[in-house]
Amino acid sequence: MKRINKQCLNCGGEFLPKTVASVYCSHICSKKAYKQKSKQLRNEAEIKALADKIPENRAFISVPEAGMLFGVAKRTLYRLVGQGKIPSVNLGTRLVRIDRRVIEGMFGPARSLPQAEIVPKKKLYSLEKEDCYSIGEIAGRFQISEGSVYNHIRKYSIPTRQIGKHVYAPKMEIDKLYNGNHFL
Ligand SMILES: [Zn+2]
């Protein structure tokens, strides 16, 4: 049977295949394609590792996290935040947090990453004042120092909101944190 020319999957050049299974014109192209594939797999593994660190139930995410989840350049997101097109909560220097729902509204659902599919539903926080405790209220109610409250809020990525002089956190999350199964 006469072999026919094929197109190399790497360089696109025509070549006469050595076997019917050949897809690359040369060792060089075969090696290049292999390297590219490994690099792609490494990138995917890195993205997945990063995504695993973002709890599905967190409504407020950082700009790098949003960039990764929604496949949008960080520069673009920072620009939109700067222009006020994406509302943000500033928890301190370099601690801008943005509402996941707003990003979903602009860019569609988060990229489907393997672990995202096994989490059944996402929980949304209400940061309305009536649904929140102030840090002082939490300290009094659960008999702990305000410093500890702040530490726990950071540790468990509980969103906060500043209204006037006071910082507020959602009652639901705080109740769950101090009445629930967390070991502090
Ligand atoms: Zn080639």
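Let's start at the metal. The zinc ion sits in a tetrahedral site, with angles of 103 to 118 degrees among its four donor atoms. Tetrahedral here means four donors with all angles between 85 and 135 degrees. For reference, the ideal angle for four tetrahedral donors is 109.5 degrees.

A word on the source. This is a predicted model, where local features need pLDDT of at least 70 and side-chain atom pairs count only at pLDDT 80 or more, while totals for chains, interfaces and linings use all residues. Residues are numbered from 1 along each chain as its sequence is written, and side-chain values use heavy atoms, with hydrogens and water left out.

Which residues coordinate the zinc ion? Cys8, Cys11, Cys25 and Cys29, each through SG, at 2.3 to 2.4 Å. Donors are N, O and S atoms within 2.8 Å of the metal (3.2 Å for Na, K and Ca). The spacing of the donor residues in sequence is C-x2-C-x13-C-x3-C. Cys8 lies in the loop between β1 and β2, and Cys25 in the loop between β2 and α1, so this pair links distant parts of the chain, 17 residues apart. Helices are DSSP runs of H or I with at least four residues, and strands are E runs of at least two.

Are these two buried or exposed? Cys8 is buried, at 4% relative accessible area. Cys25 is partly exposed, at 33%. Buried is under 20%, exposed over 50%, partly exposed in between, with a 1.4 Å probe and protein chains only.

Now the inside. The largest nonpolar core has 13 residues, and Ile138, Val149, Ile153, Ile174 and Tyr178 have the most contacts inside it. Such a core is a set of buried Ala, Val, Leu, Ile, Met, Phe, Trp, Tyr and Cys residues joined through side-chain atoms within 4.5 Å. α5, α6, β8 and α7 each supply at least two residues. α5 gives the most, four.

On to the rings. How many aromatic pairs does the structure hold? Two. Rings of Phe, Tyr and Trp (its six-membered ring) pair if their centres lie within 6.5 Å; planes under 30 degrees apart are stacked, over 60 edge-to-face, the rest tilted. Tyr133 and Phe142 are edge-to-face, 6.5 Å centre to centre, with 75 degrees between the planes. Phe142 and Tyr178 have centres 4.9 Å apart and planes at 35 degrees, so that pair is tilted. Phe142 is in α5 and Tyr178 in α7, so the pair ties together parts 36 residues apart in sequence. Together, ring pairs link Tyr133, Phe142 and Tyr178 into a cluster.

Key
Tetrahedral: all angles 85-135°; square planar, octahedral: opposite > 155°, others 65-115°.
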